[in-house]
Amino acid sequence: MNDWITFALPKGRIMQDSMELFGKIGITCPEMDEKGTRKLVFENREQKYRFMAVRATDVPTYVEYGCADIGVVGKDTLLEQGKDLYEPLDLKFGYCRLAVAEPKELQADDDPANWSNIRVATKYPNVTERYFAAKGIQVELIKLYGSIELAPLVGLSERIVDLVSTGGTLKANGMVEVETIAEITSRLIVNRASLKTKHKRISEIIDGLEPLIGDEVKISQ
Amino acid sequence: MRFTDTTPEAALPKGVKDFLPLKAAKGEFLQQQLRQVFSAWGFRPVIPPQLEFVDELDKSLGDDLRERAFRFDDRQSGRLVAFPPDMTPQVARIVATRMKEAPLPLRLCYSGRVLRHAEEQAGKDRDIFQTGVELIGLDSPEADAEMIAMAVECLSAVGAQQFTIDIGQVDFFRGVMDGVPLTGILAGQVAAAIDRKDSSELQTLLQTIDIDDRTREEILALPRLFGGCDVLNIAEKTVRNDRSRRALDNLSHVLKTLDVYGVLEHITLDLGELRGLNYHTGITFQGFLPGIGRAVCSGGRYDNLTEQYGYQVPATGFTFDVLNLLFALDKNLDKQVSLGSDALIFASGSDLQPAQKLAQVLRRQGLSVARDIYDRSLQEAREYARKVNFNTLLVVNGEQDEVQIIRLNDATEEFKPYNALLTEQFKI
């Protein structure tokens with residue numbers, strides 16, 4: 001098993017984008033294209049590649065513990081979890097922004113310079129805390145697991161920190177983006193030991209992919 | 001079953017563990033194997049203390065480790081004391097303050113535990129088992145190679161099949177960065193991006209700095225300078241500055257010696273590896289096993305450490321993180337470590353003396369033997385012996401009777417005269 005390369009990929013669109021990119025350097029997995037499959041692990045025995053479909057937030061964990069050698073995950077998740085991993089490639093897809101947003105009415109007479117003791121709802125408590133701490137603003141963090149835009153509408157918090165890609169969801173809920181914390185794209189991550197113990201195969205993958213990635217970032221919808 | 005939140009309070013602080021017999025036996029085995037290799041290469045043990053004065057310790061600890069030491073005040077002296085977070089600075093202190101007159105080179109080894117505050121993430125140990133060596137008084141590439149060849153031998157001795165020793169040279173990095181106007185947060189960000197091998201972030205960061213294209217190219221090459229020994233050639237073409245070139249020269253000498261030792265198949269290079277930048281001054285290296293992202297051993301050259309205690313002498317060394325090693329090799333060790341004892345001796349009659357005497361004789365023969373002192377049935381004793389991993393159960397009646405030998409792994413039995421067991425070497 002040790003000469004296999006295992007990928008951890010987030011289920012959904014990013015997995016499709018990743019496989020499309022990997023396909024260009026000949027890494028394929030016909031097993032994955034079977035219709036209606038509910039499998040979570042796919043193999044290409046001939047090329048000795050294995051692919052695991054996992055939740056995006058779990059990708060860094062699988063790679064950190066070495067269950068997967070390589071993973072693809074959004075920079076947002078990496079920033080939030082701060083794990084000890086290599087991030088050799090910015091794949092440039094899955095573009096969005098991690099941003100502070102607030103209701104339109106609030107924005108009208110709001111000056112970020114006056115913020116203090118604000119309540120912020122977010123899926124990203126660590127990034128949010130670091131961001132506001134760096135600006136010298138005390139925040140009360142409210143960790144939510146989804147539908148963050150709801151929080152200001154029902155008075156749970158004044159502001160939110162969340163991913164924004166086209167801005168459609170914010171607009172529909174009467175919110176505006178006020179500050180950008182970070183620009184997010186998908187990253188190729190590699191387990192530290194794997195990069196050393198399987199450096200030939202992994203270098204080939206990194207060197208193969210690097211020239212294929214353009215300068216343009218892509219939104220993955 | 002219902003989940004309740006009335007679970008009893010956790011018995012231990014986070015980051016520390018109890019080791020029950022099966023795990024403890026494996027940990028013990030690993031330390032023994034390592035110490036055996038150390039001794040075979042002529043290293044002699046030292047035992048540093050578990051408490052040090054903070055101001056003494058701080059002289060040689062890097063910022064990172066300094067913050068991670070457990071410190072408190074000493075009621076006896078009124079001074080601040082700390083549990084050492086690393087044993088290398090302790091050995092450096094011992095050499096500089098107590099062994100100045102000793103002839104060089106000094107080959108010293110140690111095996112002990114240190115405490116460190118860990119980041120709050122789950123699974124990080126705070127109680128760290130360090131077993132390692134320091135080679136003091138030599139600054140030649142041969143000394144660096146000796147450390148790496150020993151680390152390879154250690155990994156073979158503990159039964160690791162596939163492993164890599166990844167070598168770096170911090171002076172290569174320092175040479176590239178010399179004269180680059182970087183300070184404070186930005187310097188930290190650049191180092192972190194190189195450490196993560198994050199080329200795109202590095203590129204973005206460098207755009208804000210005023211440097212010439214040549215230097216920019218050198219810095220941008222750092223995240224990709226890893227792999228087999230051919231990295232050396234690529235690096236030679238990439239850098240121009242003298243310091244980095246000297247570092248490469250040193251590295252190539254080390255590799256030549258490693259070739260003689262016949263261990264090159266386990267070697268990889270990584271010139272963008274910055275771990276250990278705190279007190280290392282030349283070659284650094286880390287040992288990796290497939291599947292575990294943390295290094296199982298790490299080491300390197302630290303020529304400035306003893307100087308902090310007033311004695312300037314070059315030094316190099318490495319240490320194994322025994323818990324990481326145990327985590328990586330846990331399953332392999334099942335075969336290598338004998339987890340049980342040889343024999344349990346059960347007295348079937350009321351006269352206990354023959355059983356006691358046999359136990360003592362077998363122990364003198366070098367076997368691990370326990371008496372089943374409880375007053376219980378043979379069936380119960382047999383069940384106990386099986387569960388506690390005894391290889392055999394010996395049922396002793398009287399000195400004139402035969403002893404029943406029950407082998408617990410395959411349940412075969414045989415009988416032998418009591419006196420024969422006393423005189424012959426008993427085989428399990």
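## Cysteines and burial

B:Cys109 is buried, with a relative accessible area of 6%; here buried means under 20% relative accessible area, exposed over 50%, and partly exposed in between, with a 1.4 Å probe and protein chains only. This is a predicted model, in which local features need pLDDT of at least 70 and side-chain atom pairs count only at pLDDT 80 or more, while totals for chains, interfaces and linings use all residues. Residues are numbered from 1 along each chain as its sequence is written, chains are lettered from A and ligands numbered from 1 in the order in which they are written, and side-chain values use heavy atoms, with hydrogens and water left out.

Over all chains, the structure holds zero disulfides, a disulfide being a pair of cysteine sulfur atoms within 2.5 Å. B:Cys109 is accordingly in no disulfide, and the nearest cysteine sulfur, that of B:Cys154, is 10 Å away. In chain A, A:Cys96 counts as buried because its relative accessibility is 9%.

## Overall form of chain A

Chain A has nine helices and 11 strands. These elements are DSSP runs numbered from the N terminus, helices being H or I of at least four residues and strands E of at least two. The C-alpha atoms of chain A fill a box of roughly 60 × 35 × 30 Å, taken along the principal axes.

Of the 221 residues in chain A, 52% are buried. Contacts in chain A between residues at least 6 apart in sequence join, in 70% of cases, residues at least 24 apart; contact means heavy atoms within 4.5 Å.

## A helix pair in chain B

In chain B, helix H6 (residues 170–177) packs with helix H11 (residues 242–261) at an angle of about 165°, and their axes are 7 Å apart. The axes are lines fitted to C-alpha atoms, for helices over the stretch in contact, and angles run from 0 to 180 degrees between N-to-C directions. H6(B) is therefore roughly antiparallel to H11(B), on a scale where angles under 35 degrees count as roughly parallel, over 145 as roughly antiparallel, 65 to 115 as roughly perpendicular and the rest as oblique.

On the H6(B) side, B:Asp171, B:Phe172, B:Arg174, B:Gly175 and B:Val176 meet B:Arg243, B:Ser244, B:Ala247 and B:Leu248 of H11(B). The residues of this contact of H6(B) with H11(B) comprise four nonpolar, two polar and three charged. In this grouping Ala, Val, Leu, Ile, Met, Phe, Trp, Tyr, Cys and Pro count as nonpolar, Asp, Glu, Lys and Arg as charged, and the others, Gly among them, as polar.

## Backbone features in loops

The peptide bond from B:Leu104 to B:Pro105 is cis, with omega near -5°. B:Pro105 is placed in the loop between helix H4 (88–98) and strand E5 (106–115) of chain B.

A:Lys92, although not a glycine, has a positive phi of about 70°; this residue lies in the loop between strand E5 (86–90) and strand E6 (96–103) of chain A. B:Lys197, also a residue other than glycine, has a positive phi near 60°. The loop between helix H7 (184–195) and helix H8 (199–206) of chain B holds B:Lys197, which is buried, with a relative accessible area of 1%.

## The segment after H15 of chain B

B:Glu424 is in the segment after helix H15 (418–423) of chain B and counts as partly exposed, at 39% relative accessibility. Leaving aside neighbours within four places in sequence, B:Glu424 is in contact with B:Gln365 and B:Lys416. B:Glu424 and B:Ser156 are 268 residues apart in sequence and, C-alpha to C-alpha, 36 Å apart in space.
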